[in-house]
Amino acid sequence: MPHARHLLAIEGMHPPQITELLDVAEAYALLNRSGNAPRDLLRGKTLINLFFEDSTRTRTSFELAGKRIGADVINMAVSASSVSKGETLLDTAATLNAMQCDLLVVRHGQSGAPALLAQKVDASVINAGDGTHEHPTQALLDALTIRRRKGRLEGLIVAICGDIAHSRVARSNILLLSTLGARVRLIGPPTLIPAEIEQLGVTVFHSMEQGLPGTDIVMMLRLQRERMVSGLVPSAREFFRRYGLDHARLALAKPDALVMHPGPMNRGVEIDSAVADDPERSLIREQVEMGVAVRMAVLDLLSRGHSRNV
Ligand code: NCD
C-alpha cells in the first residue's frame, strides 16, 4: 500500500490504513516497554512542533515520540513569536519551508489550518488538533488502547459523553470507531450535541441513565468552556450531577466496562477522581502511554512515504 504524505484527519481513511497504523503502533508500544525502540530510524530528520494553542500532553508526546526514534525536534513557542507580531499562517509556512523541516506537527484553533499548511509546505503535516474539527492521533491512540484491552473494536459499544459539540476528539473518535465496526453512542445535554450528528451513524442520548446500559467503553470529555458561548451549561456542580461519571453511574454500564478521558480532566466536573484513578476501571494512563507509541508509528510511516529531497 502506498503511504500517505500527511495525517490530517480520520475522515477518508480506510480500515486497512487504520489497522496498519494500529499494528505498527502496537509494535512500538512493546518496543517502548522493553526499551528497544530503533533510535536511529529518523536520524537526520527534523520535526517541528508548531502549536498555536496550549497543549501539554500532545506536544510532549510528539516530542518524545520523535526523539525516541532519532529525529531532531524543535518546539516553536508560537504565541511568543512572530504570530504576535502579526505574521500570517502562510508567512509562517514559508519560513518553515525555508528551514527545510521534514515533519510538521500543527495544532491550531481554526478548523482546516493544518490542511491549508499542508498545501504550502514540503514537509509531512500532522494535525495535532484543529478547532472543533479533528484530532486524528488522539482517536488512533484511543483505538489502540481499547484494542489492547478488549482484543477488538468491532462490535463494541462505546459511549462518548459530555461536551461533544466542541470536541475534535469526539469527531475523530466517532469516525474511526465507526469505520472499524464499533457502535458509538453520544450522551450529553442537547446544547452540547451538534444538530444532525446522527448522520454519522451514532445514537444520541440525553441522559447517562439511558445511554450507559450495555456499554463496553465510557469515554468522558472535558467541558471546553474556552470554546463556549455562555449559557450552554448550568453550573459545574449541576453538570456533574446530571452528566458526571462516578462509580454509581459507571455501574450502569457493563460490569467490565472501562473508562477513558483524553485529558486534561476537570475532576469533579465531568469525572469523579475515584473513577479516574481506579486502576481496575480507568485506562487514562494507558492512553497517555499509547499516545507516544501511536505518534512514533505515524512519524515512522509518514517518513517512509515521503522524502523531502526527491
Ligand atoms: C484534547 C484536545 O486538545 O482536543 N486534549 C488532548 O489533546 N489530549 C481535549 C481537550 O482539550 O479537552
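Predicted model: local features only at pLDDT ≥ 70, side-chain atom pairs only at ≥ 80, totals over all residues.
Author: Residues are numbered from 1 along each chain as its sequence is written, and side-chain values use heavy atoms, with hydrogens and water left out.

Reader: What counts as a pocket here, and what is the volume of the largest pocket?

Author: On a 1 Å grid over the protein atoms alone, a pocket is an open set of points where a 1.4 Å probe fits, with protein on both sides within 12 Å along at least five of seven lines, and lining residues have an atom within 4 Å of a point. The largest pocket has a volume of about 390 Å³, a volume being the space filled by probe spheres set on the points, which are joined across faces, edges and corners.

Reader: Which space does the ligand take?

Author: The ligand takes the space of the largest pocket, where sitting in a pocket requires more than half of a molecule's atoms to lie within 2 Å of its grid points.

Reader: Which side chains have an N or O atom 2.7 Å from an oxygen atom of the ligand?

Author: The side chain of Arg-168 has such an atom at 2.7 Å from a ligand oxygen, and the side chain of Arg-222 also has one at 2.7 Å; a polar contact is a pair of N or O atoms within 3.5 Å. A nitrogen atom of the ligand lies 3.0 Å from a backbone N or O atom of Pro-262.

Reader: And how much of the ligand does the protein cover?

Author: The protein covers 94% of the 320 Å² of accessible area that the ligand has on its own, with areas from the Shrake-Rupley method and a 1.4 Å probe.

Reader: Changing topic, which residues does a cis peptide bond join?

Author: A cis peptide bond, with omega about -5°, joins Gly-263 and Pro-264. Most peptide bonds are trans.

Conventions
Polar contact = N/O pair within 3.5 Å; in protein donor to acceptor, adjacent residues only side chain to side chain.
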